[in-house]
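Student: I would like to go through this model by its surface, its ligand site and its salt bridges. Please give the cut-offs as we go.

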Amino acid sequence: MPRNSQIHTMSANSPHASLYEAFRDPVTHVDLQPVREGLANGSSTAFEFMDGDPGVVDFMAPSPASAADEANLKMYNDESSTEKYRNFLRWLFKTFEVDEDWFRADLLSRLAITDGMKVLVVGCGLGEDVALIQNDIGATGQVHAQDISKSMVKAARASIHAPNVCFSVSNALKLPYKSRYFDVVFHFGGINLFGDLKQAISELERVCKIGGRVVFGDEGIAPHLRGTEYADVLIHNNPLWALEAPMRELPSNADAVTLEYLLGNCFYLITFTPGEGFPKVNLDVPHVGARGGSARTRYYGRLEGVSVETKRKLLDAAQARGISMHDLLEQVIGAQLADAQPRSPQT
Ligand SMILES: C[S@@+](CC[C@H](N)C(=O)[O-])C[C@H]1O[C@@H](n2cnc3c(N)ncnc32)[C@H](O)[C@@H]1O
């Protein structure tokens, strides 16, 4: 890696020039500029094009691989991995008696892609989905596709040479893309093993625009089939099917969340839209009724508790006055405390 090599700026006419604006340094997060050998983060070429191909940027070379990365690379990055993976896919679709092309087209219809969109495919494998998405985005759209395995990216790139498609060899846990860049972010089939599910989902969310769409799925049998012979046989064959859809790992700003099960109900598929933050809520709407108060006072105004007898008397007294227990408590405690001196923080 010639980190200090001389920089030769790349012509803006390069077919991929406008696609490089999507990238950022996955470690320092600085923007990158295209140069002849790759992408530069200041004065040196930090990330080279794979085999000199300007359609593939290699972000893996400088970063050390974690144990999970090593395991994935062992599975997907050796000489025979692409053939082994093809065999696995043939077995999978035969087992569930589903046509792979039909399945992928049906899956991708959930992305609701329209002309001009920017789409990211994470863990793209052999690139079948990339080719289909490329047909849907029109001339002004962009498809970026990444995978940690050079072998997979090479195989995918071999069949896709469109000027609006750009690949990267990179880690899904540290995506080399700018925040809020994509309209749609898609992944299928590998996230359970990326090593840190929460971090992987957080990265899918980070690079997606607010109001965009994140769609991802992997092995995990639907809950209503658990404990059946059907599930037991399949889980025995592939323990990954025992995993559950990671609904608790979704970010707190996930809106319009859907969960479906596909392929014999053995794969979960989660869809969500990144929102501005937590859902909107008004904690101060008063409750009508004997207890009164609001969601805020009931949660934040909890006291030490009184005897059962005192609580009963309080309810009777509140009803006799035609007010809620909350309002009577406010009055009684407020009156008692009216003259009290505030305590110093130490007491
Ligand atoms: C089961 S394959 C799925 C491929 C493709 N999405 C498909 O539907 O056929 C999982 C893919 O995830 C990739 N992968 C594994 N760990 C990764 C990581 N940390 N970052 C990016 N890709 C990863 C593997 O190299 C492999 O290509």
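Student: Which residues make the nonpolar surface patch of about 440 Å²?

Tutor: The model is predicted, so local features need pLDDT of at least 70 and side-chain atom pairs pLDDT 80 or more, while totals for chains, interfaces and linings use all residues. Residues are numbered from 1 along each chain as its sequence is written, and side-chain values use heavy atoms, without hydrogens and water. Patches take residues with over 30% relative accessible area and no salt bridge, joining nonpolar side chains (Val, Leu, Ile, Met, Phe, Trp, Tyr) within 5 Å and like charges within 9 Å; areas come from the Shrake-Rupley method with a 1.4 Å probe, and for residues only the protein chains shown count as cover. The patch consists of L303, L329, V332, I333 and L337.

Student: Is L337 buried or exposed?

Tutor: L337 belongs to helix α10, residues 325–337; helices (H or I, at least four residues) and strands (E, at least two) are DSSP runs numbered from the N terminus. Buried means under 20% relative accessible area, exposed over 50%, and partly exposed in between (1.4 Å probe, protein chains only). L337 has a relative accessible area of 53%, so L337 is exposed.

Student: How much of the ligand's accessible area does the protein cover?

Tutor: Polar contacts are pairs of N or O atoms within 3.5 Å; within protein, one must be able to donate a hydrogen and the other to accept it, and residues adjacent in sequence count only if both atoms are side-chain atoms. An N or O atom in the side chain of R104 is 3.0 Å from a ligand oxygen, while ligand nitrogen atoms lie 2.9 Å from an N or O atom in the side chain of N171 and 2.9 Å from a polar backbone atom of A172. Of the 590 Å² of accessible area that the ligand has on its own, the protein covers 98%.

Student: Which side chain does Q142 meet in a polar contact?

Tutor: Q142 sits in strand β6. Its relative accessibility is 6%, so Q142 counts as buried. The contact has a distance of 2.9 Å, and the partner is Y181.

Student: Which helix holds both E203 and R206?

Tutor: The two residues form a salt bridge, with the closest N and O atoms 2.7 Å apart. E203 is buried at 7% relative accessible area, and R206 counts as buried at 12%. They are three residues apart, about one turn, in helix α6.

Student: Which residues are linked in a network of salt bridges?

Tutor: The count of salt bridges comes to 18. R90 and E83 form a salt bridge at 3.4 Å. The network links R86, E100, R104, E128 and D129.

Key. Salt bridge = Lys/Arg side-chain N within 4 Å of Asp/Glu carboxyl O.
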